[in-house]
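Biologist: I have not looked at this one before. Can you take me through it?

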Amino acid sequence: MALLEVSDLHAHYGAIEALKGISLTVEDGDVVTLIGSNGAGKSTTLRCISGLTPPSGGSLTFAGQDLTRVAPHEIVTRGIALSPEGRRCFSRMTVRENLDLGAYRRRGPAIAADLERVFTLFPRLKERESQRAGTMSGGEQQMLAIGRALMASPRLLLLDEPSLGIAPVLVDRIYQTISEIHSLGMAILLVEQNANRALDAASRGYVLETGRIALADRTSSLQRDPRVQEAYLGT
Ligand code: ATP
């Protein structure tokens, strides 16, 4: 059984059906990507997995347990943390306070070790520890959002568009960090419009089109698929 199993997931916003039966899996320790154009339903998929948008149908299983009607804070405790699109840092709070919030459900000495790990992955956050998050650059806030999710010590990290609106040099840094996080043994579900980057970083990928999975394969195969090349890779 995979670490995360999403089966026939449906989600609605009022009358709009954003997800029309999504099925996907993430194995323990694996990096899986979900690519697709604007409005395909990528963020909604991550919001359903994190409990922020209740699904209208289908099921979610994590580490063999049903997640379908579990509250968002309990989902964090079970081992899933989301780094949301648009970063969503608490802008009036400092970098350190934002990171501490990521660990608010936890107790014990492991928190200090995780803080050190985040500072090793993102030395910029250590330098800016007492700076207000709202005064950081877009790329720095993206690092902070990922760092805050890591402070929950998840088994599965959900990353929503980590490269969106960020200078290329910082995108390199963030993708290097994604590979470092993977080497620590964490599973990652990576949502991106930047398909080139995401397919390089992941071992398996899903292409989402208007709320449905259009393609699912190893990323090496998706990168060679003419439909993916034409629609998502600009080749
Ligand atoms: P993007 O890359 O542009 O963020 P996405 O693939 O993440 O797109 P979603 O944000 O999941 O797509 O949106 C899927 C569909 O659901 C879209 O048609 C969108 O307009 C709609 N939608 C998303 N959030 C809401 C909301 N809060 N209220 C109404 N409709 C919504």
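Modeller: We can go through the ligand site, then the surface, the salt bridges and a few loop residues.

Biologist: What kind of model is this, and how are residues numbered?

Modeller: It is a predicted model, in which local features need pLDDT of at least 70, side-chain atom pairs count only at pLDDT 80 or more, and totals for chains, interfaces and linings use all residues. Residues are numbered from 1 along each chain as its sequence is written, and side-chain values use heavy atoms, with hydrogens and water left out.

Biologist: Ligand first. Which residues come nearest?

Modeller: Asn 38, Gly 39, Lys 42, Ser 43 and Thr 44 come nearest, out of 13 residues around the ligand. A residue counts as near if one of its heavy atoms lies within 4 Å of the molecule.

Biologist: Which helix gives the largest share of that shell?

Modeller: Helix H1 (residues 42–49), with 3 residues. Helices (H or I, at least four residues) and strands (E, at least two) are DSSP runs, numbered from the N terminus.

Biologist: How does the shell divide into nonpolar, polar and charged?

Modeller: There are 3 nonpolar, 7 polar and 3 charged residues. Ala, Val, Leu, Ile, Met, Phe, Trp, Tyr, Cys and Pro count as nonpolar, Asp, Glu, Lys and Arg as charged, and the others, Gly among them, as polar.

Biologist: Which side chains have an N or O atom listed against a ligand oxygen?

Modeller: Asn 38 has one at 2.8 Å from an oxygen atom of the ligand, and Glu 161 has one at 3.0 Å. A polar side-chain atom of Lys 42 also lies 2.8 Å from a ligand oxygen.

Biologist: And what share of the ligand does the protein bury?

Modeller: The protein buries 63% of the 630 Å² that the ligand exposes when taken alone. Accessible areas come from the Shrake-Rupley method with a 1.4 Å probe; for residues, only the protein chains shown count as cover.

Biologist: Switching to the surface. Which residues make the nonpolar patch?

Modeller: Phe 90, Leu 101 and Tyr 104 make a patch of about 300 Å². Patches are made of residues with over 30% relative accessible area and no salt bridge; like charges are joined within 9 Å, nonpolar side chains (Val, Leu, Ile, Met, Phe, Trp, Tyr) within 5 Å.

Biologist: Where does Leu 101 lie?

Modeller: In helix H3 (residues 95–102). Leu 101 is partly exposed, with a relative accessible area of 33%. Buried means under 20% relative accessible area, exposed over 50%, and partly exposed in between (1.4 Å probe, protein chains only).

Biologist: How many salt bridges are there?

Modeller: The count is 11, where a salt bridge is a side-chain nitrogen of Lys or Arg within 4 Å of a carboxyl oxygen of Asp or Glu. One of them pairs Asp 28 with Arg 155 at 3.2 Å, N to O.

Biologist: What does that pair tie together?

Modeller: Asp 28 lies in the loop between strand E2 (16–26) and strand E3 (31–35), and Arg 155 in the loop between helix H6 (138–150) and strand E7 (156–160), so the pair ties together parts 127 residues apart in sequence. Asp 28 is partly exposed at 45%, and Arg 155 is partly exposed at 40%.

Biologist: What does Arg 128 pair with?

Modeller: Arg 128 forms a salt bridge with Glu 140, the closest N and O atoms being 3.4 Å apart. Arg 128 is in the loop between H5 and H6 and Glu 140 is in helix H6, so parts 12 residues apart in sequence are tied together.

Biologist: Are those two buried or partly exposed?

Modeller: Arg 128 is partly exposed at 27% relative accessible area, whereas Glu 140 is buried at 5%.

Biologist: Last topic, loops. Where is Thr 53, and what does its side chain contact?

Modeller: Thr 53 is in the loop between H1 and strand E4 (57–62), and is buried at 6%. A polar contact of 2.9 Å joins its side chain to that of Arg 47. A polar contact is a pair of N or O atoms within 3.5 Å; within protein, one must be able to donate a hydrogen and the other to accept it, and residues adjacent in sequence count only if both atoms are side-chain atoms.

Biologist: And Ser 203, where is that?

Modeller: In the loop between helix H8 (195–201) and strand E9 (204–209). Ser 203 is buried, at 19%, and its side chain makes a polar contact with the side chain of Asp 30 (2.6 Å).
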